[in-house]
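Hello,

Here is the structure I promised to pass on to you.

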Amino acid sequence: MTTEYENGQLMMRGHKIADLAKEYGTPLIIYDEDKMTSIMNQYHQIFKSHQVPYSISYASKAFSSIQMIKILKRQEMELDVVSVGELYTALEAGFPVEDIHFHGNNKTPFEIDYAIKAGVRFFIIDAIDEIGLINELAKDLSETDRINVLIRINPSVEVNTHEYISTGQEDSKFGLSLSNGAAKTAIDLIQQSEHLSFKGIHYHLGSQLSESRPFINAITNVFTWLDEEDINIEVLNMGGGYGVKYTQDDVRFPIESGFDEILTHLKETLEASNRPVPHLMIEPGRSITAEAGLTVYEVGTIKNIHGISKYVSIDGGMSDHIRTPLYGAEYEVIPVKLSDDNAQVSTHVVGKLCESGDVIGKHKMLPHDLKRGDFLAVKSTGAYHYSMASNYNQMQKPAVIFVSDSGVREVIRRQSLPQLIENDVR
Ligand code: LLP
């Protein structure tokens with residue numbers, strides 16, 4: 001992210017974070033828009049340089065909003081959705097429906113019907129019984145008008161990440177197994193169906209992966225299976241999961257060298273099995289938005305338990321920052337204004353919700369003279385923060401702004417108090 005201190009003040013693209021916090025209020029999620037577009041371009045460049053047919057499909061679950069989707073459209077990205085809500089948001093933003101892919105391990109009949117009528121590009125089939133369901137709901141289509149589908153398979157590769165975000169293994173609620181025959185059965189059923197057209201394979205190995213090895217192993221496993229079963233594909237979707245740097249200890253997935261290795265291995269594999277290059281797809285979410293985002297909070301209560309701990313409470317918490325309570329995720333917490341003498345003390349930064357587990361970070365080194373009314377920033381909060389925000393304790397969802405070289409704009413207004421009860425029957 002393009003944040004740095006200037007005269008002791010945290011800045012983003014020439015704007016003082018403290019001024020933005022005062023103007024828009026806190027908690028405030030601030031995105032560096034130029035950073036996001038430059039990562040999208042990095043993905044485009046590496047695929048272009050390999051001269052392969054490809055699309056980069058952003059996983060909208062990481063962070064979705066009308067303005068975000070408009071940027072994606074301008075950057076020639078495609079879009080993954082996992083619910084009718086994500087699809088609706090994309091359509092309202094004017095995103096071309098023919099560039100949208102519908103995922104999910106339990107698409108409801110309503111969602112399938114909505115997506116068929118809208119005209120999404122692919123359904124990604126996640127279960128055998130979904131085939132009959134989609135086929136039935138597509139019965140009014142003309143004979144020539146087929147629903148294009150990929151099947152989500154589990155390529156059984158080991159990944160090194162948190163259990164909750166690891167998905168490509170055999171024992172999973174997602175996808176179809178290669179070894180027990182479910183994936184092959186699904187393809188046979190699709191090919192026999194009246195309204196579906198089998199286009200290819202999708203897999204997602206898990207999230208926050210920092211190296212190319214699991215992606216390379218997946219290619220080997222998948223093409224071994226495709227060769228054994230004599231299956232042809234037009235599309236290969238390798239999923240998302242490219243890791244980011246939340247703290248100095250994390251290793252960011254190297255987009256350029258990582259995809260060089262993956263695409264080189266893929267080309268060799270295709271050559272060995274005498275196959276043409278399919279249309280390649282990937283689905284990055286977090287790697288586009290996480291490091292471009294930062295959350296600013298205002299400090300409230302400060303509690304010094306002498307000789308034991310110092311607690312600093314901020315004006316948000318697990319309602320806008322669930323990844324630490326849920327996954328034990330570590331973040332960097334930094335002051336928005338440096339103290340004059342730079343003296344720091346170990347501090348527990350906690351939220352204001354009624355849960356002991358509402359912790360943003362423990363043992364963070366922060367200015368010793370931090371006081372009520374100061375601002376703190378939590379870095380790399382651009383993915384799975386706003387999108388996982390809740391109204392627990394009737395907390396209002398935060399405002400979101402985009403900062404770029406050309407200015408600042410509000411993209412999501414702070415939820416208002418009346419909005420908290422707008423669906424309540426009085
Ligand atoms: N494609 C599929 C099919 C997925 O299931 C996911 C994420 C992605 C792409 C994007 O993965 P990414 O590039 O963003 O890692 N709430 C969790 C993450 C859950 C991810 C689920 N699927 C977290 O905060 O870490």
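The side chain of Asn 393 reaches the backbone nitrogen of Cys 354 at 3.0 Å, a polar contact (a pair of N or O atoms within 3.5 Å; within protein, one must be able to donate a hydrogen and the other to accept it, and residues adjacent in sequence count only if both atoms are side-chain atoms). This is a predicted model, in which local features need pLDDT of at least 70 and side-chain atom pairs count only at pLDDT 80 or more, while totals for chains, interfaces and linings use all residues. Residues are numbered from 1 along each chain as its sequence is written, and side-chain values use heavy atoms, with hydrogens and water left out.

Asn 393 lies in the loop between β19 (375-379) and β20 (399-404); strands are DSSP runs (E, at least two residues), numbered from the N terminus. Leaving aside residues up to four places away in sequence, Asn 393 touches Leu 353 and Cys 354, where contact means heavy atoms within 4.5 Å. Asn 393 counts as partly exposed because its relative accessibility is 34% (buried is under 20% relative accessible area, exposed over 50%, partly exposed in between, with a 1.4 Å probe and protein chains only).

His 348, by contrast, is buried, at 7% relative accessibility. His 348 sits in strand β17 (residues 344-350), and its contacts, not counting residues up to four places away in sequence, include Tyr 311, Val 312 and His 363.

Now to the ligand. It is surrounded by 19 residues, the closest being Ser 207, Glu 283, Arg 286, Arg 323 and Tyr 384 (a residue is near if one of its heavy atoms lies within 4 Å). An N or O atom in the side chain of Glu 283 is 2.6 Å from a nitrogen atom of the ligand, and one in the side chain of Ser 207 is 2.8 Å from a ligand oxygen atom. The protein buries 91% of the 590 Å² that the ligand exposes when taken alone, with areas from the Shrake-Rupley method and a 1.4 Å probe.

Finally, the domains, whose bounds come from an automatic or database domain assignment. The chain is divided into domain 1 (3-31 + 291-420) and domain 2 (103-284). Their centres, taken over C-alpha atoms, are 36 Å apart, and the contact between them takes 8 residues from domain 1 and 9 residues from domain 2. The shell around the ligand draws at least three residues from each of the two domains.

Best wishes

Definitions and conventions: Helices (H or I, at least four residues) and strands (E, at least two) are DSSP runs, numbered from the N terminus.
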